Amino acid sequence: LVVDTDYEWGVTTAWSEKAGVMFFSPLVEGRGMDIRYVTMSGKRAIKDYLATKANEGAPALSPDGRWIAYWSDATGTSDLVVDRFPTPSGARRMQVGNASTGGVVWARQAWWSDDGRSVVYQREGDAAIVDVRFEPSLALGEPRTLMQLPEERHGMDYDAPRRRFVATTYNSRNRDFLVTTAPQITGPWSEPLVVWQPAEHE
């Protein structure tokens with residue numbers, strides 16, 4: 001798939017087979033990061049979900065394709081936001097970090113639970129979960145800490161059906177890249193496995 005846009009830079013962040021869309025967050029001159037998506041079924045088209053003066057990015061769609069979680073700095077802080085999809089309506093937000101920049105927005109991550117009733121997300125040094133209520137109106141519960149995250153992590157992902165984290169870490173002393181998993185949502189992390197190292201160490 002090749003998407004022809006006028007943007008110089010952007011991040012492809014999520015794909016939803018249920019909704020038939022692929023999300024990406026372009027950096028737009030004069031604004032910041034927006035949330036756009038490509039429709040993958042029928043006639044393909046690029047559509048805006050959010051295009052504001054704030055930075056919005058790293059979207060994740062609920063399993064039923066009706067709700068979206070994303071990061072925003074519209075209030076001057078780094079907030080986790082949950083709203084309807086495909087049309088924003090009645091967003092609920094929760095402050096997670098202090099003053100933010102676009103880089104922090106796209107670097108953060110969030111994932112829906114397999115049943116679509118909670119959002120798992122990454123904080124500065126740990127992972128947390130917040131319950132989402134949809135009726136009688138959208139509301140977020142109190143966040144709960146799950147576990148500490150590995151130091152010097154390079155990236156991570158969450159496998160919702162298996163309730164398992166996978167993280168890549170970087171050993172700055174040996175310059176090794178390693179992978180570690182947490183078979184339970186609350187840990188513990190497994191012993192790191194080296195997946196790449198500089199040629200002189202091989």
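**A strand residue to begin with**

Let me start at A58, which lies in strand β6. Helices and strands here are DSSP runs, H or I of at least four residues for helices and E of at least two for strands, numbered from the N terminus. Please keep in mind that this is a predicted model, where local features need pLDDT of at least 70, side-chain atom pairs count only at pLDDT 80 or more, and totals for chains, interfaces and linings use all residues. Residues are numbered from 1 along each chain as its sequence is written, and side-chain values use heavy atoms, with hydrogens and water left out.

Back to A58: its phi is near 50°, a positive value in a residue other than glycine. Most residues other than glycine have a negative phi, and most peptide bonds are trans. Is A58 buried or exposed? At 9% relative accessibility, A58 counts as buried. By buried I mean under 20% relative accessible area, by exposed over 50%, and by partly exposed anything in between, with a 1.4 Å probe and protein chains only.

E152 also has a positive phi, about 55°, although it is not a glycine. You will find E152 in the loop between β14 (144-148) and β15 (153-159), and at 44% relative accessibility it counts as partly exposed.

Now for peptide bonds. The one from F85 to P86 is cis, with omega near 15°, and P86 sits in the loop between β8 and β9 (92-99). Another cis peptide bond joins E135 and P136, with omega about 0°; P136 is in the loop between β12 and β13.

**The chain as a whole**

How many helices and strands does the chain have? The secondary structure comes to one helix and 18 strands. Of the 202 residues, 44% count as buried. The accessible surface is about 11200 Å², and 47% of that belongs to carbon and sulfur atoms; these areas come from the Shrake-Rupley method with a 1.4 Å probe, and for residues only the protein chains shown count as cover. A contact here means heavy atoms within 4.5 Å. Among contacts between residues at least 6 apart in sequence, 31% join residues at least 24 apart.

**Inside the fold**

Next, the nonpolar cores: sets of buried Ala, Val, Leu, Ile, Met, Phe, Trp, Tyr and Cys residues joined through side-chain atoms within 4.5 Å. The largest has 16 residues, and L80, V82, W112, V119 and Y121 have the most contacts inside it. Which elements give two or more residues to this core? They are β6 (56-61), β7 (67-72), β8 (77-84), β10 (110-112), β11 (118-122) and β12 (126-133). Apart from this core lies another, of 14 residues, including A127, I129, L149 and A160.

Leaving out residues up to four places away in sequence, V82 touches I68, A69, A91, R92, W112, V119, V132, L138 and L140. A139 lies in strand β13 (residues 139-140) and is buried, at a relative accessible area of 19%.

**Aromatic rings**

Rings of Phe, Tyr and Trp (its six-membered ring) pair if their centres lie within 6.5 Å; planes under 30 degrees apart count as stacked, over 60 as edge-to-face and the rest as tilted. That rule gives twelve aromatic pairs. In one of them, the rings of F23 and Y37 have centres 6.0 Å apart and planes at 55°, so the pair is tilted. F23 lies in strand β2 (residues 21-28) and Y37 in strand β4 (residues 35-39), so the pair ties together parts that are 14 residues apart in sequence. F23 and Y37 are buried.

F165 and W189 make another tilted pair, because their ring centres are 6.3 Å apart and their planes at 40°. This pair links distant parts of the chain, 24 residues apart: F165 is in strand β16 (residues 164-171), and W189 is in the loop between β17 (176-182) and β18. F165 is buried, at 0% relative accessible area, whereas W189 is partly exposed, at 21%. As for clusters, F23, Y37, Y49, Y70 and F85 form one.

That's my tour, and I'm happy to take questions.
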